[in-house]
Amino acid sequence: MPFTPGRPLAEAKADLFKALAHPARIRVLELLAESDRTVGELAAATGLELSHLSQQVGVLRRAGVVDSRRSGSNVICTLCDPQTAELLAVARRMLTAHLRQGQALLEALDGADDAVALADAARGARTA
């Protein structure tokens with residue numbers, strides 16, 4: 001899945017985002033952004049069965065996002081590029097900004113003195 005010459009860039013980007021499009025894979029990347037981890041450590045931290053974790057790590061490896069190596073009886077996973085952590089941080093900032101905007105809109109609606117708010121208040125007074 002990594003970029004190859006002659007392949008449309010938009011297609012390569014779409015494949016990258018497809019590889020990231022699973023909550024378990026995002027959690028694995030968040031953990032690897034902190035430090036390299038063994039498969040056992042990843043399984044314990046994510047709560048995934050080893051077989052399911054192995055599938056998810058395989059998707060990330062094929063996408064060129066994660067690498068793994070053997071060290072004795074352990075398999076150690078690492079991010080191929082530290083920019084992956086930056087990508088996760090940008091996504092977090094985007095989500096946070098979106099939630100803040102929604103919260104501001106909700107607060108504005110709660111404080112509005114428009115016809116709908118007045119009708120809600122009148123209906124509440126009638127039922128009380």
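**Figure 1. Left-handed crossing of helix 2 and helix 5 in the predicted model.** Helix 2 and helix 5 pass each other in a left-handed crossing. Their axes come within 9 Å, at an angle of roughly 120 degrees, and the two helices are therefore oblique to each other. Helix 5 comprises residues 83-110. On the side of helix 2 the contact is formed by Ile 26, Leu 29, Glu 30 and Ala 33, and on the side of helix 5 by Thr 84, Ala 85 and Leu 88. By residue class, this contact divides into five nonpolar residues, one polar residue and one charged residue.

**Figure 2. Right-handed crossing of helix 2 and helix 3.** Helix 2 passes helix 3 in a right-handed crossing. The axes of helix 2 and helix 3 approach within 10 Å and cross at roughly 120 degrees; helix 2 is therefore oblique to helix 3. Arg 27, Val 28, Leu 31 and Leu 32 of helix 2 meet Leu 42, Ala 45 and Thr 46 of helix 3. The residues of this contact comprise five nonpolar, one polar and one charged.

**Figure 3. The largest nonpolar core.** This core contains 20 residues, of which Val 28, Leu 29, Leu 32, Leu 42, Leu 53 and Val 66 touch the most other members. At least two core residues are supplied by each of helix 1 (9-20), helix 2 (23-34), helix 3 (39-46), helix 4 (50-62) and strand 3 (74-79). Helix 2 makes the greatest contribution, with five residues. In soluble globular proteins, nonpolar side chains tend to be buried together.

**Figure 4. Surroundings of Val 66 in the largest nonpolar core.** Val 66 is among the core residues that touch the most other members. Apart from neighbours within four places in sequence, Val 66 is in contact with Leu 29, Leu 32, Val 57, Leu 60, Arg 61, Cys 77, Thr 78, Leu 79 and Cys 80. Among these partners, Leu 29 and Leu 32 are likewise listed with the core residues that touch the most other members.

**Figure 5. Val 39 in helix 3.** Val 39 lies in helix 3 and is partly exposed, with a relative accessible area of 22%. When neighbours within four places in sequence are set aside, the contacts of Val 39 are with Leu 50, Leu 53, Val 75 and Cys 77. Cys 77 is also in contact with Val 66. Val 39 and Val 66 are 27 residues apart along the chain, and their C-alpha atoms are separated by 12 Å.

Definitions and conventions: Residues are numbered from 1 along each chain as its sequence is written. This is a predicted model: local features need pLDDT of at least 70, side-chain atom pairs count only at pLDDT 80 or more; totals for chains, interfaces and linings use all residues. Side-chain values use heavy atoms; hydrogens and water are left out. A nonpolar core is a set of buried Ala, Val, Leu, Ile, Met, Phe, Trp, Tyr and Cys residues joined through side-chain atoms within 4.5 Å. Buried means under 20% relative accessible area, exposed over 50%, partly exposed in between (1.4 Å probe, protein chains only). Helices (H or I, at least four residues) and strands (E, at least two) are DSSP runs, numbered from the N terminus. Contact means heavy atoms within 4.5 Å. Axes are lines fitted to C-alpha atoms, for helices over the stretch in contact, and angles run from 0 to 180 degrees between N-to-C directions. Angles under 35 degrees count as roughly parallel, over 145 as roughly antiparallel, 65 to 115 as roughly perpendicular and the rest as oblique. A crossing is left-handed if the near helix is turned anticlockwise from the far one by less than a right angle, and right-handed if clockwise. Ala, Val, Leu, Ile, Met, Phe, Trp, Tyr, Cys and Pro count as nonpolar, Asp, Glu, Lys and Arg as charged, and the others, Gly among them, as polar.
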